[in-house]
Amino acid sequence: MGILDSKVPTGPLADKWTNHKNHIDLVNPANKRNIDIIVVGTGLAGGSAAATLAELGYNVKTFCYQDSPRRAHSIAAQGGVNAAKNYQGDGDSVYRLFYDTVKGGDYRSREANVYRLAQVSTNIIDQCVAQGVPFAREYGGLLDNRSFGGVLVSRTFYAKGQTGQQLLLGAYAAMNRQIQRGKIKSHTRHEMLDLVLVDGKARGIIARDLVTGEIERHSAHAVVLATGGYGNLFFLSTYCMGANVMAAWRAHRRGAFMANPCFTQIHPTCIPVSGDHQSKLTLMSESLRNDGRIWVPKRLEDAQAIREGKLKPTQLGEGERDYYLERRYPAFGNLVPRDVASRAAKERCDAGFGVNKTGEAVYLDFDAAIMRYGREKALTSGMKDADDTTVRQLGEEVVEAKYGNLFDMYEKIVDQNPYKTPMMIYPAVHYTMGGLWVDYNLQTTIPGCYAAGEANFSDHGANRLGASALMQGLADGYFVLPYTIGDYLSDDIRTGAIPTDSPEFDAAEADTRSRLEKLMSGKGTHSVDYYHKKLGKIMWNKCGMSRNAKELQEAIDEIAELRADFWENVRVPGTADTKNQELEKAGRVADFLELGELFAKDALTRNESCGGHFREEYQTPEGEALRDDENFKFVSAWEYKGAPKDAVLHKEQLVYENIELKTRSYK
Amino acid sequence: MKLTLKIWRQKNASSKGQMVEYPLNGIEEDMSFLEMLDVLNEELNNKGEEPIEFDHDCREGICGACSLMINGRAHGPGSRITACQLHMRSFNDGDSITIEPWRAKAFPVIKDLIVDRSAFDRIQQAGGYISVNTSGNPVDANAIPIEKENADMAFNAATCIGCGACVAACKNASAMLFTSAKISQFALLPQGQVEANERVQNMVRQMDLEGFGNCTNTGACEVECPKGISLENIARMNREYYSASVKG
Ligand SMILES: Cc1cc2nc3c(=O)[nH]c(=O)nc-3n(C[C@H](O)[C@H](O)[C@H](O)COP(=O)(O)OP(=O)(O)OC[C@H]3O[C@@H](n4cnc5c(N)ncnc54)[C@H](O)[C@@H]3O)c2cc1C
Ligand code: SF4
Ligand code: FES
């Protein structure tokens, strides 16, 4: 296994976590008071970890770049969070959640981690309800569930279309309680710019106060990175504007391996791109696929007429529409996993059936659902002979109760009423399954440096099923990391406070300063966004929804060139000793320019198609992904050696003891 | 579209600010208001001037970061909308648009259009939580059934995004709508009952300490709130506060 020790405990799968917890070293409560932990990031993963670590008695310092922990991007998650509660009695179980997740990830995730995730998933809901998270409920007062893409049971808990917000507010409230108790010191509007290692161990960070520009040193016995995903590499994505890879990349440069960087999820139900000045893409929750039917016109002429505005979608009858997901995948229909749904939409649009001006959109149609719900509602309200108008109105009310805020959001952006005309959707970059390599304890290859939530690579393999990122973030933060970190910290009870005036801190600070100066001194001609957009175009065109060797090689060369140009010609106005958003962006884009190249390199070495990674050379005659388990059943973990082209690949072979590897089929 | 923007520029908290006028061309209807500002910033940047700083992150109306006073209205024209959700189709060619930061004593300006809203965090820290241990809870979630109506009301209160538009819209710069939304969420849930008295007293005390004004029932907050947080929450908070004071 080389230098990658996954530390997966031995023994039967179902007992691994319990056994592990029973045997890892604990820190005595009195000693926890002498131990400091830095948590960078206050999203679901960081917020929950910080609150729990503080609850356990450690001294916690949190960092986030927003003005309040509550604004971390977890806030934007719409659809829901999974848990194997089987409240609906539809046959769900820990094993089934585990199985769906491993299969959905195209057998590229670590079995033991996923099993643990499924096990602790039930605690998450108990925990959050106790904290006052207002999940949706049925009339009997019990929790309601719905189902999500890629699974056939209803295991998703939700709070209308704002599940992420409600869960994050729960974690934030738990943090607030610890802030009030003096156990968490919260640093907002602070950005981590470097990781500090002392004797090979993570012992602190260099951060910049984004208001005063001051460079600060913070020390701790361990550092947790919960800094989210790096999808903004593509410029246009569903991420928030500030999402970045900086903290993870700085750790990578200091020795943490970067795993599976090319595994990116493209989400099928986003609002299509409208124009050149667009700054971000907006997701329409996947839960809409429970009720919406996806289609494009059957005939090319009709698609063209729609694009030219001569024909309305509502004028096409059932027989003139191609419900391509229902046609190709009868078993799962509109509920196939995201990678499958995204590729199918691209395939139809590439073939000329796209329905918006740019030809890059398909329909998500609620008409059938509105009528179905309307009829049901009419019957249950005793209106046996209700006319179509009444039925439609009743149906619209039901759909509004379920998805109202999503429909409003769509209407605000697109200026069309989705109750009356089908929504237009197209795939967009949404989630990065890659991230820092971590072992079973969530420790990176740097001792004392941990990664949680979207920032690590561990649980989703090559594709993430819906409602499982929130689950993973909270599982890591509330239930996994607080235990496993004790194993490492038990050696530190006599260490005492870590000084910040050591040569290591001096050196890291000096590095950071010279980097900032270099960014500020460019006498360049181009803005940061200019480079970011260029990078995004390369990524989307050559490393996007489908990839091939030739274009990946081109991408590698083009990104390296762009990076050189950036350092020569970028222009950052203003000064470094004040709030300076251009400087903040510049630092982030500089790291994206390195990550992008490693991303393409990773995709180039993986000669197979799996999940979100689709190599055109490797597909079945029907155009489905063709995995190569013989040669690629591994996690790629890249070691930093200077320029991305010199990065060294390490492989963690994946072992499946409990699941038979099958071709994924949703037919 | 051709526009004239009048924008508040202020170097930092201690310096004096002023309105500066910027002409802007080539704005498309499909752009969001913030994308329009991106275009202006790109222009300023190309001229070697400092771009205008404003808070934003999610750009989809949920993080609560964006905070622009547009033509005198919090988050601009339209109801139930944040500045990032506002699109340029709401404006006309040739319009002149003023853009200012939230103005309230408890929200000092940091730079240009960015203000410091950490007072909201401190109100939450004063009691906006349920004191349950975070490291594992054995009670099954369905062991706490909650009437759907209450769950929905709690959810509605919980949808507050902490943007501060209520404060900015209020002539007294009162934070009652925000604080009451938080208090309501917990007051409506069985889990929140145990600490209800302390919670309302502590949060209201903190709100006053932060220097927010009093509520005179003008209702501007409800009108400008992007999430439609209702004034009923203020009434509920007042009831909670009264009953807590009686109990002492
Ligand atoms: C629109 C949308 C909808 C989604 N819907 C769902 C859903 O329905 N179900 C689901 O399971 N998942 C969903 N996801 C995915 C899920 O929301 C995310 O994967 C998850 O919330 C990530 O949480 P996190 O805690 O890892 O990171 P984040 O919430 O992104 O938090 C990152 C934190 O790191 C901080 N940070 C970053 N860099 C630095 C730095 N250098 N210095 C200091 N601080 C830093 C940020 O300030 C922030 O606090 C959705 C995602 C999006 C974008
Ligand atoms: S009550 Fe409304 S206006 Fe006030 S902070 Fe909350 S969401 Fe914003
Ligand atoms: S940027 Fe998040 S609400 Fe406007």
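This is a guided tour of a predicted model, one selection at a time.

**Before you start**

Residues are numbered from 1 along each chain as its sequence is written, and chains are lettered from A and ligands numbered from 1 in the order in which they are written. Because the model is predicted, local features need pLDDT of at least 70 and side-chain atom pairs count only at pLDDT 80 or more, while totals for chains, interfaces and linings use all residues; side-chain values use heavy atoms, with hydrogens and water left out.

**Stop 1: chain B as a whole**

Select chain B. Its C-alpha atoms fill a box of roughly 60 × 35 × 35 Å, taken along the principal axes. The chain has eight helices and seven strands. Helices (H or I, at least four residues) and strands (E, at least two) are DSSP runs, numbered from the N terminus. Of the 248 residues of chain B, 58% count as buried. Buried means under 20% relative accessible area, exposed means over 50%, and partly exposed lies in between (1.4 Å probe, protein chains only). Among the contacts in chain B with a separation of 6 or more, 69% are between residues 24 or more positions apart. Contact means heavy atoms within 4.5 Å.

**Stop 2: the nonpolar cores**

Select Phe135(A) and Phe212(B). In the largest nonpolar core, which has 233 residues, these two touch the most other members. A nonpolar core is a set of buried Ala, Val, Leu, Ile, Met, Phe, Trp, Tyr and Cys residues joined through side-chain atoms within 4.5 Å. The element that gives the most to this core is helix α13 (residues 469-489) of chain A, with twelve residues. A second, separate core has 28 residues, including Tyr22(B), Leu34(B), Leu37(B) and Phe54(B). In soluble globular proteins, nonpolar side chains tend to be buried together.

Now show what surrounds Phe212(B). Leaving aside neighbours within four places in sequence, its contacts include Phe107(B), Phe120(B), Ile123(B), Val167(B) and Met207(B).

**Stop 3**

Select Ala475(A), which is found in helix α13 of chain A. Ala475(A) is buried, with a relative accessible area of 1%. Which residues does Ala475(A) touch, not counting those up to four places away in sequence? They are Leu117(A), Val120(A), Ile124(A) and Val480(A). Leu117(A) is 358 residues apart from Ala475(A) along the chain, but their C-alpha atoms are separated by 6.5 Å.

Next select Ala467(A), in the loop between β17 (449-451) and α13 of chain A. Ala467(A) has a positive phi of about 65° although it is not a glycine. At 4% relative accessibility, it counts as buried.

**Stop 4: helix α14 of chain A**

Select residues 503-521 of chain A. Helix α14 has 19 residues and reaches 26 Å from its first C-alpha to its last, close to the 27 Å expected at 1.5 Å a residue. The expected span is 1.5 Å times one less than the number of residues. Colour the buried residues of α14(A): Phe505(A), Ala508(A), Glu509(A), Thr512(A), Arg515(A), Leu516(A), Leu519(A) and Met520(A). Seen down the axis of α14(A), they fall within an arc of 135°, so they line one face of the helix. The arc is that of the directions from the helix axis to the C-beta atoms. An α-helix has 3.6 residues a turn, so residues three or four places apart point the same way.

The face turned away from the buried side of α14(A) carries the exposed residues Pro503(A) and Glu517(A). Among the elements covering the buried residues are β6 (190-198), α7 (246-253), α16 (549-569) and α17 (581-605) of chain A.

**Stop 5: helix α16 of chain A**

Select α16(A), which has 21 residues and reaches 30 Å from its first C-alpha to its last. Its buried residues include Leu552(A), Ile559(A), Arg563(A) and Phe566(A). Seen down the axis of α16(A), the buried residues fall within an arc of 140°, so they line one face of the helix. The face turned away carries the exposed residues Lys550(A), Glu561(A) and Glu568(A). What covers the buried residues of α16(A) includes α14, α15 (528-543) and α17 of chain A.

**Stop 6: ligand 2**

Select ligand 2 and the 13 residues that surround it, each with a heavy atom within 4 Å of it. Which of them are the closest? They are Cys160(B), Cys163(B), Gly164(B), Cys166(B) and Cys225(B). Helices α4 (165-169) and α5 (176-187) of chain B each supply at least two residues of this shell. The shell divides into eleven nonpolar residues, two polar and no charged. Here Ala, Val, Leu, Ile, Met, Phe, Trp, Tyr, Cys and Pro count as nonpolar, Asp, Glu, Lys and Arg as charged, and the others, Gly among them, as polar.
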